[in-house]
Amino acid sequence: MKNHKSTAQYNWKGRPSETIQYWHQQVRCIDDLSFQDINPKKKIGLLGYAVDEGVRRNQGRVGAIAGPDSIRKVMGPMAYHLPENLNILDYGDIFGEGSSLEELQKSTEENITKLLERNHFPIILGGGHDLAFPHGMAALQYTANKNETLGIINLDAHFDLRELNNGQGHSGSPFLQILNSAKTQNKKCEYLCLGIQRAANPSSLFETAKTTGSWWMESEDCTVENWSSVKNTLDSFLSKVNKIYLSIDLDGFSSAFAPGVSAPSPMGFSPDFALKVLEYLAKSKKLLTMDVVELNPAYDIDHSTAKLAARCIEFTLRKLWE
Ligand SMILES: N=CN[C@@H](CCC(=O)O)C(=O)O
Ligand SMILES: [Mn+2]
Ligand SMILES: [Mn+2]
């Protein structure tokens with residue numbers, strides 16, 4: 001397929017071992033995108049979105065194109081604590097050369113739809129946050145088909161509810177695009193953003209958040225100490241939705257933990273806070289699909305942001321399968 005490249009198995013590297021001890025031993029690279037696996041059990045489907053055109057359009061620092069491979073590189077040597085009979089399949093990357101962002105998003109949406117329909121728990125590796133538009137649209141169609149309500153939870157410093165630029169989507173617009181589409185298509189969808197920073201979102205975006213009926217909590221309130229209030233918000237939100245699409249924008253973390261992003265911030269939330277949210281969502285049994293976005297390896301330090309992304313994924317999966 002145009003704009004798809006498989007992951008070579010040798011990209012999954014780590015310490016050798018005779019028994020399964022590390023991720024690189026468990027992940028299987030799959031060349032074709034039919035997403036059919038003879039094993040009917042729930043499986044994990046990794047797919048990269050190696051695209052940073054949306055970041056470019058949003059005047060950000062490009063480099064997220066290298067995000068998916070950077071996450072694979074640090075996941076390979078990570079200790080493996082999930083079941084040995086769990087299939088973890090790496091379907092390679094959607095990548096950007098010679099196609100418009102809109103074409104890449106369409107292809108991403110089609111492939112995530114197939115992952116969902118063919119019994120995978122999708123983990124999509126970004127890439128710019130423009131990934132959320134196709135990811136959200138696939139999840140929205142999937143839940144609408146079952147007459148269910150989709151809840152989108154975005155851990156992010158930014159609302160990403162900006163208007164299109166000259167009719168074109170970008171990394172700052174995906175959730176407005178989803179909410180507008182849901183409204184037009186009469187599909188049920190709620191949006192909650194955790195980690196909003198006032199200094200990074202103008203008043204106009206708070207207005208958009210209100211007019212679209214979005215939910216949010218500001219970064220100052222997103223702490224472990226304030227967990228009972230966060231839990232109340234999550235409980236209210238979860239009571240209104242059937243399934244969750246979770247998006248983790250790494251720029252929501254303080255840049256002390258996540259320097260390798262397009263728009264770093266010293267004031268973001270901590271990994272401890274994010275892990276509490278991830279555990280709560282995993283235990284809710286409503287988690288349908290997730291992504292980690294905005295990793296920009298060009299600005300990373302000692303792969304710490306990539307490792308943070310990998311740890312968030314590993315932790316969520318461990319809590320899901322516990
Ligand atoms: N996906 C990122 N969106 C942010 C970027 C902010 C920035 O570049 O400073 C936004 O548009 O608000
Ligand atoms: Mn952000
Ligand atoms: Mn974002």
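**View 1. Asp-251 sits in the loop between strand 9 and helix 9 (271-284).** Helices (H or I, at least four residues) and strands (E, at least two) are DSSP runs, numbered from the N terminus. This is a predicted model: local features need pLDDT of at least 70, side-chain atom pairs count only at pLDDT 80 or more, and totals for chains, interfaces and linings use all residues. Residues are numbered from 1 along each chain as its sequence is written, and chains are lettered from A and ligands numbered from 1 in the order in which they are written. Asp-251 is buried, with 28 other C-beta atoms within 10 Å. A residue is buried if 20 or more other C-beta atoms lie within 10 Å of its own, exposed if 12 or fewer, and partly exposed in between; C-beta atoms are placed from the backbone.

**View 2. Asp-249 lies in strand 9 (residues 243-249).** Asp-249 is buried, with 29 other C-beta atoms within 10 Å. Setting aside residues up to four places away in sequence, its contacts include His-129, Asp-156 and Glu-294. Contact means that two C-beta atoms, placed from the backbone, lie within 7 Å.

**View 3. A UniProt "binding site" annotation (unreviewed entry) covers Asp-156, His-158, Asp-249 and Asp-251.** These residues span 96 residues in sequence, yet no two of their C-alpha atoms are more than 8.8 Å apart, so they gather at one spot. UniProt positions follow the numbering used here, feature names are shortened, and annotations may be inferred rather than shown by experiment.

**View 4. Asp-160 is in the loop between strand 6 (150-155) and helix 6 (174-184).** Asp-160 counts as buried, with 28 C-beta neighbours inside 10 Å.
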